[in-house]
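User: I would like to understand the terms used for a model like this one. Please set each value against its definition.

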Amino acid sequence: MPTPDLEERFRRWLKLIAEMHEGANFTANESITWAPLRKPLAECSIALVSTAGVHLKSQPAHDVLNPQGDASFREIPCDTQASDLAVDHLHYDTSDANADPNCVFPIDRLRELVDTGIVRSIAPMHFGFMGFIPDGRLLRDTTAPIVADRLLAEGTDAVVLTPG
Amino acid sequence: MCHQSVGLLQGAIERRGITTISVTVRPEITAHANVSRACYVRFPTGNPMGEPHKPDQQRLILTAVLEQLVAISEPGTIVELPFRWRRM
């Protein structure tokens, strides 16, 4: 990867979002940053970050109707059960994710991997975004650095990120 | 667009020195996101970690992703995981 087929699919997707969403601006990291894992998994604290639109049922949903998107995030504490979560997103079929949020945000599964010793611990805080943000600079320049700082302050060793 | 957002979050987190890996069901987007490590699962959008109420499948996928967190040694690698979508 990338293969010619992937390149063609990427070009088609860029054209589609430009036609559908005013102000769409594909944004990528300027370069690849590499932070090696410094200890075995069994000694790591792991966090989940998702753009699937996950939030606690007790929290307000993301603004799925705003054409500019919604770069805000929801804090999801480590003792959350998947059944405490709801998923809001208009750009994919959320029926499976609402039936079982572990399909997009495997917090129950991560807790089980702590119990079996595959990882040391589940990080104190996890973060839910709703990934429909047509101009990626909004996310890059506002909330992404805030969440990254929070994960660092909480001693998180590694993060698994999931889309919708 | 979820994948663009994952990529930007992943880059921001990795720049803090935290190791990251993302799951992708749209590798054509992830390939352009400049991320450190990713796992491609040939599943539909909305199911990157599997089917609802299939904890064994979900646990296998999460474990495989964590294994790649350790195994990937080349920046920018996207590894395809050997899971196949069976539900009709």
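User: What makes the radius of gyration of chain A agree with that of a compact globule?

Analyst: This is a predicted model, in which local features need pLDDT of at least 70 and side-chain atom pairs count only at pLDDT 80 or more, while totals for chains, interfaces and linings use all residues. Residues are numbered from 1 along each chain as its sequence is written, and chains are lettered from A and ligands numbered from 1 in the order in which they are written. The radius of gyration is taken over C-alpha atoms, and the globule rule is 2.2 Å times the number of residues to the power 0.38. For the 164 residues of chain A a compact globule would come near 15 Å; chain A has 17 Å, so the value agrees. Its C-alpha atoms fill a box of roughly 45 × 35 × 30 Å along the principal axes.

User: What about the radius of gyration of chain B?

Analyst: With 88 residues, a compact globule would be near 12 Å, and chain B has 13 Å, which agrees. The box for the C-alpha atoms of chain B is roughly 40 × 25 × 20 Å along the principal axes.

User: Why is Arg12(A) called exposed?

Analyst: A residue is buried if 20 or more other C-beta atoms lie within 10 Å of its own, exposed if 12 or fewer, and partly exposed in between, with C-beta atoms placed from the backbone. Arg12(A) has 10 C-beta neighbours inside 10 Å, so Arg12(A) counts as exposed. Arg12(A) lies in helix H1 of chain A. By the burial cut-off, 43% of the 164 residues of chain A are buried, and 59% of the 88 residues of chain B.

User: Which elements make up chain B, in order from the N terminus?

Analyst: Helices (H or I, at least four residues) and strands (E, at least two) are DSSP runs, numbered from the N terminus. Chain B has three helices and three strands, in the order α-β-α-β-α-β. Chain A has five helices and seven strands.

User: How do you know that S2 and S3 of chain B pair, and how many bridges join them?

Analyst: Two strands pair if DSSP finds at least two bridges between them. Strand S2(B) (residues 37-42) and strand S3(B) (residues 77-84) are joined by five bridges and run parallel. Arg37(B) stands opposite Thr77(B) in S3(B). From S2(B) the chain passes through helix H3(B) (residues 55-71) to S3(B), in a left-handed β-α-β crossover. A crossover is right-handed if, with the strands pointing away from the viewer, the path from the first strand over the helix to the second runs clockwise.

User: Which strand of chain B does S7(A) join?

Analyst: S7(A) is joined to strand S1(B) (residues 19-24) by four bridges, and the two run parallel. Leu161(A) has Ser22(B) as its bridge partner in S1(B).

User: How many residues does each chain give to the contact?

Analyst: Two residues are in contact if their C-beta atoms, placed from the backbone, lie within 7 Å. Chain A gives 64 residues and chain B gives 55 residues. On the side of chain A that touches chain B, H5(A) has the largest share, seven residues.

User: What is the average pLDDT of chain B?

Analyst: pLDDT is the predictor's confidence in each residue, from 0 to 100. Chain B averages 96, and 99% of the residues score at least 70. For the complex, the predictor gives an ipTM of 0.98 and a pTM of 0.97.
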